[in-house]
Every structure is written in C-alpha cells, then in structure tokens.
Amino acid sequence: MGRDGYVVPADPVAGATIANANATVKKKNQSARSWIVIDCSGEGTILDVDKYAIMHRVHIHARDLRILDPLLSYPSAILGRDKAIVLNLEHIKAIITAEEVLLRDPSDENVIPVVEELQRRLPPVNAIRQGQGDGMYPGGQNDIDAEEDESPFEFRALEVALEAICSFLAARTTELETAAYPALDELTSKISSRNLDRVRKLKSAMTRLTARVQKVRDELEQLLDDDDDMADLYLSRKLAGMSSPVSASGAANWFPASPTIGSKISRASRASVATVREDENDVEDLEMLLEAYFMQIDGTLNKLTTLREYIDDTEDYINIQLDNHRNQLIQLELFLSSGTVCLSIYSLVAGIFGMNIPYTWNNDHGYMFKWVVIVSGGFCAFLFLLIVSYARYKGLVGS
C-alpha cells in the first residue's frame, strides 16, 4: 500500500525467488524425514515419519538418532545398541535391527545403489532358491549359498554397507589418482600458474578424501580392538538369548520336590549359561568380516598416502628447480655488479682527465690519449677477470 492509498504490485522476480527458497527448504525437510525400511525378504517401504516414531520403532535414544542427522556433521561411527546397530558411514546413514534395515534419504543418488544391493542380498538364499527353482544351481553352489545363508541378517546388511562405502571411497581415490598423476607430471615439465593452481586444488581434494578414509578406517580398527563392541553387534544372538526357555526360576520350583532332579536341572542351567557366555564371547565371524573390509579401506588409505608422497616429492623437485633459478639469478647479479665496479673505475679515469684544470703537460701530448684508454680498459678487464676467478675459487659461481 503506497502513501496515497494505491496498491503497490509485488515484484514477480522476488516472489519467485522466495517461492523457490521455500520449496528448497521444504524439500530438504522432507528428505531429512524420509526413510526406507527393507525387511528380511528384501521388500522396501518408504516411511515419512519424525524422529520420535523412528526412536520408538527401533528402541534407540535421541543422541544415537542425532548421529544420523544429515544437517549435523558427525564422524563415521558403527554403534551397537541393545536391539539395533547405528551406522553412520559418509552418505550411508542406517539403523540395522535383527529383522529390518532403516536407511535414511533413499532418493539420494549415492544411496540408491545401496538400497538396490540390500534388496538383492538381504533375502535368505533358501527363499531365492525356491523362487528360481530347485534345479537352477549345481550342488557346489548350493553348499556355498547354504554357508552364506548361515550369517545373521544384521551381518548381511552390515556387509552391504561396508562394501558400498569401501567401494565408494576406492572409486573416489581412483578418480583422484587419474587426475593427479598427469597434473603433477605436467607441473614438473612446466611450472606455470595454471598448473600450480590445478595441483593445489587436487591436493586439497586429496586432503579431504584422506580424512574421510581415515575416519572409516579408525572406526573399523577401534571396533576390531574391542571384543565387547563386536559382541554388541550380534543382535540375533541377543534376541535368541532373551527368548531362551531355560530360566533359573523354573529350575528353583523343582528343588523342594526332587533334589536329584533339581540338581540335574541346576547343572544343565549352569552349562546352558556357560554355553551362552561362550557364544557371546565368540566374535570370530564378525571379526573376519570387519578385517576383510579393514584391509580394503587400509589399501585405499595406502594409495592416498602414496599419492601424498608423490606430491611431496614433486614439491621438493619444484623447490629445487626454483632454488637453482634463484642461484643463477644471483650469479648474474654478481657478474653485473663486478662489471659495474670495473666500469666505474674506467669512468673515474675519464672523469679525472676531463677536469677543466689548466696544467702544462696537457700541451703537445695528444698521443697520450690512446695509452690512457688502453691502459684503463686493460686494467678494468683484468680487475673483472680477477673478481670472477676469485668467486669461482670460493665456489660462489659455477664453473
């Protein structure tokens, strides 16, 4: 509304900008709330719920869910909880339970291959074999598939996530190597501002990628060093232990009626508890799984370390070249300074004889001009050669 009561029309460009900004914010909020649930049969379901519904569904705390928030910057982490595994590996932000996998932001281009791989590999091998027919695979393949089917659901999901993040980081490393080595060789052959800026950008990208790979490697190493943390990832084992029919209260009810039977049940209970404890301490399967991907991510880190050493060697070579050019400039400056000193002496002689002072021996001695010029020039040349020889003798200039 203007001062005279007229309606001021709205700026269409500003209105479109505000609408686009609101749409972008709304899209980000929707993607932050978007989850996909993949069950043990490989079926995926899109969930658009808030964090409280997710917390109630998988029984985790708000601080664990906050780790998976894309708006917050948290390092890579693999956390074992009572009924879930909280997984934060770069763009893979997932919650793994004993029966399903919840993956955040399934529409992301880096997450879509992970979703497809989970849907392909999470269903049990027996179900896949029944769907494809019994005569499809030979006997050896059936044995291998049966062994693979023995791994728990959460380990299959964890393996897919680790394989995806290791392959992703390895691909980024390969792309960086493909761009870095030719750029470094070109910089070695020709030092220019364009090549220096190109190498600077590649070095910055390598530093960021090294930090990302290092975080994933440190998380796997920390997990491998602690058996208790690995035991917390056995969700199926903990679920089976919670639903075990053997209980101490049931055995205690037998004691008054039959001491012999009660003692037998007591011994059986102790043996069962010992077996469960022994199984809880057995983390060999998970350790082998983590070691495989630890070696893969460690190999990626070694490639980046080799690339960093190559960059450092290139920088040292360039510094040596620059020092050599600087030394050549210093030598040239020494030659010019020596020549200037010698010419100053020659100019001094010319200035002395050019003074407007009357003296008697200046008359009838025209032949002295050439001798003064020759002697002064020879003396200056001799002095220049003497300075250069002394500099070479002391090693100040090259031979």
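Author: A charge is said to sit over a ring if NZ of Lys or CZ of Arg is within 6 Å of the ring centre and within 35 degrees of the ring normal. Keep that handy, and remember that this is a predicted model.

Reader: What makes Arg237 count as lying over the face of Tyr234?

Author: The cut-off is 6 Å from the ring centre, and Arg237 lies over the face of Tyr234 at 3.9 Å from that centre. Arg172 does something like this too: its charged end sits over the ring of Phe168, 4.6 Å from the centre.

Reader: How many aromatic pairs are there?

Author: The count comes to 2 aromatic pairs. In one of them, Phe155 and Tyr234 have ring centres 4.7 Å apart and planes at 80 degrees.

Reader: Why is the pair of Phe155 and Tyr234 called edge-to-face?

Author: Centres have to lie within 6.5 Å, and planes over 60 degrees apart count as edge-to-face. With 4.7 Å and 80 degrees, Phe155 and Tyr234 pass both tests, so edge-to-face it is. The pair links distant parts of the chain: Phe155 is in helix α7, while Tyr234 is in the loop between α9 and α10, 79 residues apart. Both Phe155 and Tyr234 are buried.

Reader: And what makes Tyr181 and Tyr310 an edge-to-face pair?

Author: Run the check again: their centres are 5.0 Å apart and their planes are at 70 degrees. The limits are within 6.5 Å and over 60 degrees, so Tyr181 and Tyr310 are edge-to-face. Tyr181 lies in helix α7 and Tyr310 in helix α13, so this pair ties together parts 129 residues apart in sequence.

Reader: Why are Tyr181 and Tyr310 called partly exposed?

Author: Buried means under 20% relative accessible area and exposed means over 50%, with partly exposed in between. Tyr181 has 24%, so it falls in that middle band. Tyr310 has 31%, so that residue is partly exposed as well.

Reader: How do you know whether Ile352 is buried, partly exposed or exposed?

Author: Ile352 has 46% relative accessibility, which is between 20% and 50%, so it counts as partly exposed. You'll find Ile352 in helix α13, which covers residues 284-353.

Reader: What share of the 399 residues in the protein chain is buried?

Author: Buried residues make up 30% of the chain. As for the overall build, the chain has 14 helices and 6 strands.

Technical notes. Residues numbered from 1 in each chain as written. Predicted model: local features only at pLDDT ≥ 70, side-chain atom pairs only at ≥ 80, totals over all residues. Heavy atoms only, no water. Helix = DSSP H or I, 4+ residues; strand = E, 2+ residues; numbered from the N terminus. Buried < 20%, exposed > 50% of the residue type's maximum accessible area, 1.4 Å probe, protein only. Phe/Tyr/Trp six-rings, centres within 6.5 Å; stacked < 30°, edge-to-face > 60°.
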